[in-house]
Amino acid sequence: MLLSHAGKSPRIDASAYVAPNAVVCGDVVIGPNCRILFGAQIIAEGGNIVIGSECIVMENAVLRSTALHSLAIGNNCLIGPGTHVAGCTIEDEVFVATGAAVFHAAHLGKGCEIRIHAVVHIKTHVPPGAVVPIGWVAVGQPAQILPASAHEKIWQLQQPLNFPLTVYGLERSEADMIKITRGMAHALSSHISDQPID
């Protein structure tokens with residue numbers, strides 16, 4: 001399904017394939033010979049999404065941009081099934097495996113691998129060719145790559161990146177669930193006027 005959002009419509013190269021039950025919404029550019037598979041969700045909310053050539057977005061992947069964080073994916077990238085990729089930059093030839101998450105303002109260098117269920121945290125820069133192992137966490141600039149069991153070390157690096165401010169626009173001291181969900185409900189109400197494109 002193709003949807004216009006906030007007056008912007010997807011632009012999809014004629015050689016690309018978008019599965020009939022995928023959703024592409026808003027200011028999205030999909031390049032030549034891309035394949036967007038079944039159940040994938042590509043949602044541009046404010047910022048744009050640009051996907052280069054010969055990229056594969058597998059089943060049920062979720063790709064999002066926000067007003068503050070556009071999403072750019074280079075050429076020859078594979079975004080695996082059930083991934084979550086939000087408002088970041090992904091250079092050419094990157095592999096993001098099944099169930100991985102890449103958060104706002106992250107940067108993945110050329111040829112790096114984000115393996116199954118790995119996490120790349122906000123504002124984290126993964127250098128070209130690096131590997132984030134299965135279930136591990138990359139955090140910081142430059143990225144430190146740690147096992148999920150290293151929670152205290154991860155938190156020490158993650159806390160100054162200020163997830164609530166980066167993602168929700170709220171200082172940590174103010175970021176309770178009432179303010180977060182009210183803010184999101186307000187922002188997401190912009191989808192009420194989305195229009196399907198034939």
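Which residue in strand 21 is the bridge partner of E113? Select V131: that residue of strand 21 is the partner of E113. Before going on, note that this is a predicted model, where local features need pLDDT of at least 70, side-chain atom pairs count only at pLDDT 80 or more, and totals for chains, interfaces and linings use all residues. Residues are numbered from 1 along each chain as its sequence is written, and side-chain values use heavy atoms, with hydrogens and water left out.

**Stop 1: the sheet**

Stay with strand 21. Strand 18 and strand 21 run parallel and are joined by two bridges. Strands here are DSSP runs of E with at least two residues, helices are runs of H or I with at least four, and both are numbered from the N terminus. Two strands pair if DSSP finds at least two bridges between them.

Now widen the selection. An open sheet is formed by seven strands, in the order 3-6-9-12-15-18-21, with parallel pairing. Its edges are strand 3 (17–18) and strand 21 (131–132), each of which pairs on one side only.

**Stop 2: D27 and its partners**

Select K8 and D27 and show side chains. They meet in a salt bridge, 3.8 Å from N to O. K8 sits in the loop between strand 1 (2–4) and strand 2 (11–12), and D27 in the loop between strand 4 (23–25) and strand 5 (28–30), so the bridge ties together parts 19 residues apart in sequence. A salt bridge means a side-chain nitrogen of Lys or Arg within 4 Å of a carboxyl oxygen of Asp or Glu. By this rule the count is five.

D27 is buried, at 13% relative accessibility. K8 is partly exposed, at 42%. Buried means under 20% relative accessible area, exposed means over 50%, and partly exposed lies in between (1.4 Å probe, protein chains only).

R11 is partly exposed, at 44% relative accessibility.

**Stop 3: E93 and K110**

Jump to E93 and K110. Their side chains form a salt bridge of 3.8 Å, N to O. E93 is in the loop between strand 14 (89–90) and strand 15 (95–96), while K110 is in the loop between strand 17 (107–108) and strand 18 (113–114), so the pair ties together parts 17 residues apart in sequence. E93 is partly exposed at 45% relative accessibility. K110 is partly exposed at 42%.

**Stop 4: helix 1**

Select residues 151–158, which make up helix 1. Which side is buried? I154, L157 and Q158 are buried. They cover an arc of only 95° around the axis, so they lie on the same side of helix 1. The arc is taken from the directions from the helix axis to the C-beta atoms. Turn to the other side of helix 1 and find E152 and Q156, which are exposed.

**Stop 5: helix 2**

Finish at Y168, in helix 2 (residues 163–168). Y168 is partly exposed, with a relative accessible area of 33%.
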